[in-house]
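Please open the model in your viewer and keep the selection tool at hand. This tour goes stop by stop, with something to select at each.

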Amino acid sequence: MKILAVCGLGQGTSLILRMNIEEVLNEAGVDAEVEHVDVSAASGVEADYILTSNELAQSLQGHQAKILVVNNYFDIEEIKRVLSQNRVI
Amino acid sequence: MDIVRWIATNVFGEPAILLGFIVFLGLLLQKKSISQLMSGTFKAIIGFLIIGAGASIIVNALLIFEPMWKEVFNLEGPSLGEFMGQEAFSAKYGGAVTLAMAIGFLINVFLARFTKLKYIYLTGHMMFWTTIIFAGIVVHTVGDVPFIRLVIFLSVIMGIYWTVQPALTQPFMRKIIGNDNIALGHTSASVALLGALLGKLFGNKENDSEKLKVPKGLEFLRDSNVITALTMGILFMVGAFILAGKGTPGAQELMAEAGDQSFFVYAFIQAVKFAAGISVVLMGVRMFVGELVPAFKGIATKLVPGAKPALDVPVIYPYAPNAVILGFLGAFIGALLWLVVIGKTVAYVFVPTMIVLFFHGAAAGVFGNATGGVRGALLGGFMTATVVAWGQFVMVRMLIGDTIPDTAMWAADSDMFILGPVIRFLAQLFF
């Protein structure tokens, strides 16, 4: 399973999101490859799930991955909730 | 002695290897799996090497942008002249920069552990740019410097800066995000504080930017590749049209560089190449920072109980998305104004790097809005352009001209401009 963490520049914020996703997956014992990228690069990368903000989710529509919206990249509880609602964990 | 020299040349003298080693150590300390060790170490090394490749694409586009606008303004001023450039500078001082980043981070962790400033700086890409720009200032100021002393000088300054900067912005951060859990760790701190100050003086807090409706059509502004290509595209095209209209010998010479191709198509491609170069550099930075930061974060959180992460600037954007757009708008208007004013007065061609203007202008916008509403956000953005434009002129012409002015033109930003003269002064004292 491959998950993308996406932000506008693909540098800092998406990296934090990636680390938080990895923490949640780790806790749940789920094995997945998580990568962080900027929104332009993300549209050309194959993945199973993309986690990003509401605004960027609009511009990623049509991507073969399932797009999951996270409002607060720093809220571990929200990330956990989003991932479990979509049966990732 | 042979072993020492071998290590000095092949490990400390080869930043990519040193970086790989640091990441390897960080992952090992956290008892990561073999597979994570291997992929982390290699990705860090590849990432570092990609940066040099991207930097040369950017420089090639800048070498067209600069003479073009010089001709537009009829400037006779000094050109960039001889300089080392990112690739040569990195080959010579990259090891010291890499090591200073690592030791600077450890100093940050140490200060957070034993003082009241409990902030751990985690914005790895800014750690890299700030350290390399400061190294560029030191080498420009005092010439060739010994490895060990450069590492000591930089790591102490970086360690202190990474600890104190989040503390300075935290009072406003608490106001913006409503809690004390995270801090701002970004080189836009100075313009953010300026934005907050100007907002307080001239703004009206009641007129909150979040009451405005922002058109959906502005959403593309969140994609940095698009803004950069678009703005540089417009600037190159405007420059090309003016040159075509002028028909002076200088203009004809520049237009001849396009060869058989239309000069406008040529200019447009150069603009997009500039954006492509930035995208390549950022990919490299993403690869090595993506390995370095998790390796460091694990160590920091184990060592410092109650540490607050100081994070990249987009963390504050969700709290005032309209102020983000207003801040950028203020910065963009300011940048165009300063492009003309600086060109006409001090004969310097300002490179308005959209990444810097967007991220810093937006930060100043959010801080400005917190104290002065819409007017505060716009003023904060305008102030950002002012610092970035004049700062770039002072940095490129006076602080870093021999070393990496090419990098400073697009990767140096607000805090580095404000601290630049201080670094120069300290370098004169220390070396």
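Which residue of chain A forms a salt bridge with B:Arg286? Select B:Arg286 and look across to A:Asp38: these two are the partners, and their closest N and O atoms are 3.2 Å apart. Keep in mind throughout that this is a predicted model.

**Stop 1: the interface**

Stay where chain A meets chain B. The count between the two chains is one salt bridge. The rule also finds seven residue pairs in polar contact across this interface, with both residues at pLDDT 80 or more. Now colour the elements on the chain B side. Helix 8 (224-246), helix 10 (263-303) and helix 12 are the elements of chain B that give two or more residues to the side touching chain A. Helix 10 of chain B gives the most, with nine residues.

Next, select the whole contact. Chain B supplies 23 residues and chain A supplies 20 residues. The size of an interface is often given as the accessible area lost when the parts come together. Here chain B and chain A bury about 1900 Å² between them. Carbon and sulfur atoms carry 61% of that area.

**Stop 2: salt bridges within the chains**

Over all chains, the count comes to 10 salt bridges. Begin in chain A. Select A:Arg18 and A:Glu22. Their side chains meet in a salt bridge, 3.5 Å from N to O. Both residues lie in helix 1 (residues 13-28) of chain A, four residues apart, so about one helical turn separates them. Check the surface here. A:Arg18 is buried at 7% relative accessibility, whereas A:Glu22 is partly exposed at 29%.

Move over to chain B and select B:Glu66 with B:Lys70. This pair forms a salt bridge with its closest N and O atoms 3.5 Å apart. Both residues belong to helix 3 (residues 34-72) of chain B, four residues apart, about one turn of the helix. Are they buried or exposed? B:Glu66 is buried, and B:Lys70 is buried as well.

Back in chain A, select A:Glu27, A:Glu77 and A:Lys80. Salt bridges that share partners join these three into one network. Zoom in on A:Glu77 and A:Lys80, where the side chains meet at 3.8 Å, N to O. Both sit in helix 4 (residues 76-85) of chain A, three residues apart, about one turn of the helix. A:Lys80 is partly exposed, with a relative accessible area of 25%.

**Stop 3: aromatic rings**

Show the aromatic side chains. The structure holds 29 aromatic pairs over all chains. Pick B:Tyr317 and B:Phe358. Their ring centres are 6.3 Å apart and their planes stand at 80°, so the pair is edge-to-face; the cut-off for that class is over 60 degrees. B:Tyr317 lies in the loop between strand 3 (308-311) and helix 11 (321-345) of chain B, and B:Phe358 lies in helix 12 (residues 354-399), so the pair ties together parts that are 41 residues apart in sequence. B:Tyr317 is buried at 9% relative accessible area, and B:Phe358 is buried at 5%.

Now select B:Phe48, B:Phe128, B:Trp129, B:Phe288 and B:Trp410. Together they form one aromatic cluster.

Two arginines come next. B:Arg113 places its charged end over the ring of B:Phe114, 5.2 Å from the centre of that ring. B:Arg149 lies over the face of B:Phe430, at 5.2 Å from the ring centre.

**Stop 4: a buried threonine**

Select B:Thr384 in helix 12 of chain B. B:Thr384 is buried, with a relative accessible area of 0%. What does it touch, leaving out residues up to four places away in sequence? The contacts are B:Val191, B:His360, B:Gly361, B:Ala364 and B:Ser414.

**Stop 5**

Most residues other than glycine have a negative phi. B:Lys31 sits in the loop between helix 2 (15-29) and helix 3 of chain B. B:Lys31 is exposed, with a relative accessible area of 75%.

Finish at B:Asn74, where phi is also positive, near 60°. B:Asn74 is in the loop between helix 3 and helix 4 (85-114) of chain B. B:Asn74 is exposed too, at 54% relative accessible area.

Note on methods
Residues numbered from 1 in each chain as written. Chains lettered and ligands numbered in written order. Predicted model: local features only at pLDDT ≥ 70, side-chain atom pairs only at ≥ 80, totals over all residues. Heavy atoms only, no water. Phe/Tyr/Trp six-rings, centres within 6.5 Å; stacked < 30°, edge-to-face > 60°. Buried < 20%, exposed > 50% of the residue type's maximum accessible area, 1.4 Å probe, protein only. Lys NZ or Arg CZ within 6 Å of the ring centre and 35° of its normal. Contact = heavy atoms within 4.5 Å. Buried area = accessible area lost by both parts, 1.4 Å probe. Salt bridge = Lys/Arg side-chain N within 4 Å of Asp/Glu carboxyl O. Polar contact = N/O pair within 3.5 Å; in protein donor to acceptor, adjacent residues only side chain to side chain.
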